[in-house]
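Subject: Structure handover

Hello,

Here is the structure I promised to pass on. Please open it first, then read the notes under it.

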Amino acid sequence: MSVRSTGPTRAELISDTALDLLAARGMRGLTHRAVDEAAGLPQGSTSNYARTRVALLEAAVRRLAQREAQVLALHEMPDPRGGRDALVDGLALAVHRSLTRHRELLFARYELALEATRRPELRAFYDAQGRLFRDTLTTMLTAVGSQSPAGHVRSLVAWSDGLMFACVAGSYHAEVPSLDEVREGLRELMAGMLGG
């Protein structure tokens with residue numbers, strides 16, 4: 001009887017290490033050799049998994065989407081039919097969790113987003129991953145009565161992304177809002193979009 005390992009797969013290890021390097025060193029610090037060294041893998045392991053730089057970046061984007069989905073835990077969000085307050089509470093918790101416990105993922109995301117502006121092949125891949133999140137938000141906002149879900153999702157994403165950028169890399173990098181402050185900001189945004 002074989003025992004199944006519960007640790008990360010080699011692909012996950014390579015992708016997680018790439019994200020760590022992006023967060024710590026930026027885009028210039030991400031090389032196949034640096035991933036091998038930081039992950040403690042034999043030289044050439046990362047090249048065997050992702051032959052080109054674009055392939056390595058795509059692997060990082062894919063893994064980032066998986067890890068952010070775990071952080072945001074959209075599958076654990078309260079049923080939006082339970083009302084706007086439940087949705088606000090769930091979204092506030094997700095945003096605050098990113099700001100306080102997973103800042104390194106935000107650093108990696110910003111590096112990848114900027115790189116995607118320079119690489120059309122990465123842009124398409126990056127956008128496809130982000131669309132999954134936006135589709136989930138569209139469903140949630142529709143359930144709480146949005147008459148313009150696409151526009152409201154854009155406003156919600158812009159507000160959340162703006163807050164996270166400002167508090168991680170921008171002018172408020174030393175000031176992380178409390179969960180209550182994030183909740184209140186989202187409540188005001190939702191009231192402005194949905195009325196009430």
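Below is what was found, from the whole chain down to single residues.

How to read it

This is a predicted model, in which local features need pLDDT of at least 70, side-chain atom pairs count only at pLDDT 80 or more, and totals for chains, interfaces and linings use all residues. Residues are numbered from 1 along each chain as its sequence is written, and side-chain values use heavy atoms, with hydrogens and water left out.

The whole chain

The chain has nine helices and zero strands. Helices (H or I, at least four residues) and strands (E, at least two) are DSSP runs, numbered from the N terminus. The C-alpha trace spans about 60 × 50 × 30 Å along its principal axes.

Of the 196 residues, 43% are buried. Buried means under 20% relative accessible area, exposed means over 50%, and partly exposed lies in between (1.4 Å probe, protein chains only). The accessible surface of the chain is about 10700 Å². Carbon and sulfur atoms hold 53% of that surface. These areas come from the Shrake-Rupley method with a 1.4 Å probe, and for residues only the protein chains shown count as cover.

Residues 24 or more positions apart account for 68% of them. Contact means heavy atoms within 4.5 Å.

Charges: the chain has 24 positive and 23 negative side chains. The centres of the two sets lie 6 Å apart. Lys and Arg count as positive, Asp and Glu as negative; His and the chain ends are not counted. Each charge is placed at NZ of Lys, CZ of Arg, CG of Asp or CD of Glu.

Helix α1

The 16 residues of α1 should span 22 Å at 1.5 Å a residue, and the end C-alpha atoms are 22 Å apart, which agrees. The expected span is 1.5 Å times one less than the number of residues. The buried residues of α1 include Ile 14, Asp 16, Leu 19 and Leu 22. Their cover includes α2 (32-39), α3, α4 and α6 (103-116). Just after α1, Gly 26 takes a positive phi of about 80 degrees.

Thr 46 sits in helix α3 (residues 45-49). Its relative accessible area is 0%, so Thr 46 is buried. Not counting residues up to four places away in sequence, Thr 46 touches Ile 14, His 32, Val 35, Asp 36 and Leu 56.

Helix α7

Helix α7 covers residues 120-143. Its 24 residues should span 34 Å, and the end C-alpha atoms are 34 Å apart, which agrees. Among the buried residues of α7 are Leu 122, Phe 125, Tyr 126 and Met 140. The buried residues of α7 pack against α4, α5, α6, α8 (149-168) and α9. Gly 145 follows α7 and has a positive phi, near 105 degrees.

Salt bridges

Side chains of opposite charge can pair when their charged atoms come close. The whole structure has 14 salt bridges. A salt bridge is a side-chain nitrogen of Lys or Arg within 4 Å of a carboxyl oxygen of Asp or Glu.

Which parts does the salt bridge between Arg 63 and Asp 16 tie together? The closest N and O atoms of this pair are 2.8 Å apart. Arg 63 lies in helix α4 (residues 53-72) and Asp 16 in helix α1 (residues 10-25), so the pair ties together parts 47 residues apart in sequence. Arg 63 and Asp 16 are both buried.

Arg 183 and Asp 89 also form a salt bridge, at 2.8 Å from N to O. Arg 183 is in helix α9 (residues 179-194) and Asp 89 in helix α5 (residues 84-101), so this pair ties together parts 94 residues apart in sequence. Arg 183 is buried, at 18% relative accessible area. Asp 89 is partly exposed, at 34%.

A further salt bridge joins Glu 121 and Arg 119, at 3.9 Å from N to O. Glu 121 is partly exposed, with a relative accessible area of 40%.

Shared partners join Glu 12, Asp 16, Arg 63, Arg 67 and Glu 104 into one network of salt bridges. Arg 67 is in helix α4. Arg 67 counts as buried, at 17% relative accessibility. Leaving aside neighbours within four places in sequence, Arg 67 is in contact with Asp 16, Leu 19, Asp 20, Glu 104 and Leu 105.

Best wishes
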